[in-house]
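Trainee: Please take me through one part of this model in detail. I would like to look at the pocket lining.

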Amino acid sequence: MEWAKTRADARFNVATSGVSPCPIRELGVTLEDIDLSGPSLYGYEPLQRALAKKCGVSMDSVVAAVGTSLANHLAMAAVVEPGEEVLIEHPVYEPLLALARYLGAQVTRFERRPAAGFRIEPQEIARRISARTRLIVISNLHNPSGALTDEPTLDALRDIARQAGTRVLVDEVYLEMLWAHPTRSAFHLGREFIVTGSLTKAYGLSGLRCGWILAEPELTRKIWRLGDLFTVTPPHPAERLSVVALDRLERIRERARTLLDRNRALLDRFLDSRPDLLVTRPGFGTVVFPRWAGGDTTRLCDLLRAKYETTVVPGRFFGMPEHFRIGIGGETDMTSASLERLAAALDDLAAGGPSPRAERP
């Protein structure tokens, strides 16, 4: 996260995984629609009602949270005690791994293999789970590859968790992008699942920090109380604006869908032209995770930044240094120019050109 906050920004940025920011005019609000304070104790009722309706659950199964990151923190902290085992996918969004370690968990890993398109293979989890496993952690869509975990796989994962007496945390922040392929949340498949999500990535609404946790009511009550240690009460203007956004979500979704359709066509043309990149193309979401034939991508990332004012995410942050992550949620002109610069940098290195001294976060 420190790298993302201090080093990822560039004139040409395909490191970001979310859709470009949604203009506030899309919400159609005025200052009169926003209050500084309101009845936000254990949930702001209009927001709780809107989230429950969106997710197709009862209000007592929803905990509003300040973004997916805090949602993940609260969900994991509510079920994991220091010294207990957490089984986490590899590669993984690094803050999920850091969070488990921060909470004092013993972390073990299971593989999402590139040769299998980064799909979850239930037999791999069955081999890795133990009597000490308290929680299994996955992302869906997978960050960094964008791979989808389908319902039959989630059913198999539920059965493994049920037999082991454990729970499954599913970060679904990118699942919001399956507009053409509506997919049920894992929450609907069994009480073993705890789900987190937000409006940040798919809709360009990061500034609202509108996140949520879905869990059985007994657990949500515990999570609300745990939240007293962190946010106490959230910013009420953001709650009010989130209610408005949820009411206008179809219009906001159409903006994001149009943008990603254009940008995915650019990405596909770029990947078609690159025999030096081996990549799984999920066909949805905002990210792909190519493997570069040139090896460790640190020198590629450094050359991109130094010579071409362009950033991608180095694979070392996901424990796979021969890969890098491309995000296509930015404005189309910028995304097109970024991919052109990435192609030029790859050509430079293929021709044996010099690369700058490696930069470290």
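Mentor: Helix 1 contributes the most to the lining of the largest pocket, four residues. Helices here are DSSP runs of H or I with at least four residues, strands are runs of E with at least two, and both are numbered from the N terminus. A pocket is an open set of points on a 1 Å grid over the protein atoms alone, where a 1.4 Å probe fits, with protein on both sides within 12 Å along at least five of seven lines; lining residues have an atom within 4 Å of a point.

This is a predicted model, where local features need pLDDT of at least 70, side-chain atom pairs count only at pLDDT 80 or more, and totals for chains, interfaces and linings use all residues. Residues are numbered from 1 along each chain as its sequence is written, and side-chain values use heavy atoms, without hydrogens and water.

The largest pocket has a volume of about 1200 Å³, taken as the space filled by probe spheres set on the points, which are joined across faces, edges and corners. Its lining counts 49 residues, and M1, A4, T16, S17 and K201 are the closest to the centre. Two or more lining residues come from each of helix 1 (2-6), helix 3 (67-79), helix 4 (94-102), helix 7 (200-203) and strand 14 (324-327). By class, the lining of the largest pocket has 23 nonpolar residues (Ala, Val, Leu, Ile, Met, Phe, Trp, Tyr, Cys and Pro), eight charged (Asp, Glu, Lys and Arg) and 18 polar (the others, Gly among them).
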